[in-house]
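Me: Could you walk me through reading this fold, one feature at a time?

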Amino acid sequence: MAHTSRKSNTNRLLCLLATCLLLFSSCSDNLISRIEFNHPGGSFDQAINTTEARESFSFLVFSDLHYGRTESGFYLEEEAFLAWLDAHPSTLAFALHLGDGTAYSLESEYRLYRDFLDMLEDRSIEVHAVLGNHDVRADGRSLFTRYIHHLTARRFSYKGISFYLLDTGNASLGKVQLDNLMSSVADDPNPKIFCGHVPLYGGPDMFYFSLKDPHERALLVKTMVQNKVGLYLGGHLHINHKLYSYTDTNHEFVCESFHGRDSLIENTLPVWYVFTYDAPSNRITIFRYALKRDGAIGESVVTSVALP
């Protein structure tokens, strides 16, 4: 009897396991997926220019300001950065901020965040910012729409390239935003760049820092490959930058943090980037700038990537 009981229990466990495997491998529309269904979503129906000839240009990229952060060793070097910006020899068409402008989504932090963006815009550099996970606590999204931009997800085009600004604050686009994104890029003939805070994948060592749902990631990579999305730009990692290539013309670049921190946990320098698009070769070269401990700003070329 005991043997029969154990066999019966084993069969029930096997049946349960088989059922779970079937459910998790199902191709039904996110049945067991962690793609967020309660995400506020976002549309990408803003007008863009799809007939503009491609021209060369450069733009500024930075991530993770974290105004209001209180951990030991944290620091910002706004004055040194602005002095570099004022002396930069070439025109920067605009700036992309890849999220986490705040530490705790407080209104006082959003005011400091807004003040910093205003310092760039006073220099005729329009800033396009996305939400980070630190920006969506409590009523953070409503504060973002009040102080930063009235839309948390949107798109714009410049010199023949479309930029899609994604709301990944909850480590998921959410089904509505994802569906709208896939639909919009399919109708957009321009080469494209996705801009989010949470990395798409970045490599097998990035699991904790990337979008959590593999089905969502797979849909995004498929969308990139099929619809001329040459780059996914992310932040969130802080400690170093990462380049991951899905194909010869579809890539992901994860940025270091704009703030510095001198601690055992996180020993980082303030870092920002200039991306230079060369129209004749259809390539983007990424320049990294780091404010060193002695006050000098180091420049290095990270890589050059081909766009579709």
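Reply: Let's start with the sheet. Strands are DSSP E runs of at least two residues, helices H or I runs of at least four, both numbered from the N terminus; two strands pair if DSSP finds at least two bridges between them. Here six strands form an open, mixed sheet in the order β5-β6-β7-β8-β10-β9. Since β5 (154-158) and β9 (242-247) each have a single partner strand, they stand at the edges, so one side of each lacks a neighbour in the sheet.

One caveat: this is a predicted model, where local features need pLDDT of at least 70, side-chain atom pairs count only at pLDDT 80 or more, and totals for chains, interfaces and linings use all residues. Numbering runs from 1 along each chain as its sequence is written, and side-chain values use heavy atoms, leaving out hydrogens and water.

Me: How many bridges join β9 and β10?

Reply: Five, in the antiparallel sense, with β10 spanning residues 250-256. Thr-247 has Asn-250 in β10 as its bridge partner.

Me: At what angle do helices α5 and α6 cross?

Reply: Axes are lines fitted to C-alpha atoms, for helices over the stretch in contact, with angles from 0 to 180 degrees between N-to-C directions. α5 (175-186) and α6 (214-226) cross at roughly 10 degrees, their axes coming within 11 Å. That makes α5 roughly parallel to α6 (angles under 35 degrees).

Me: Which residues of α5 meet α6?

Reply: Contact means heavy atoms within 4.5 Å. Leu-178, Leu-181, Met-182 and Val-185 of α5 meet Glu-216, Leu-219, Leu-220 and Thr-223 of α6.

Technical notes:
Parallel < 35°, antiparallel > 145°, perpendicular 65-115°, else oblique.
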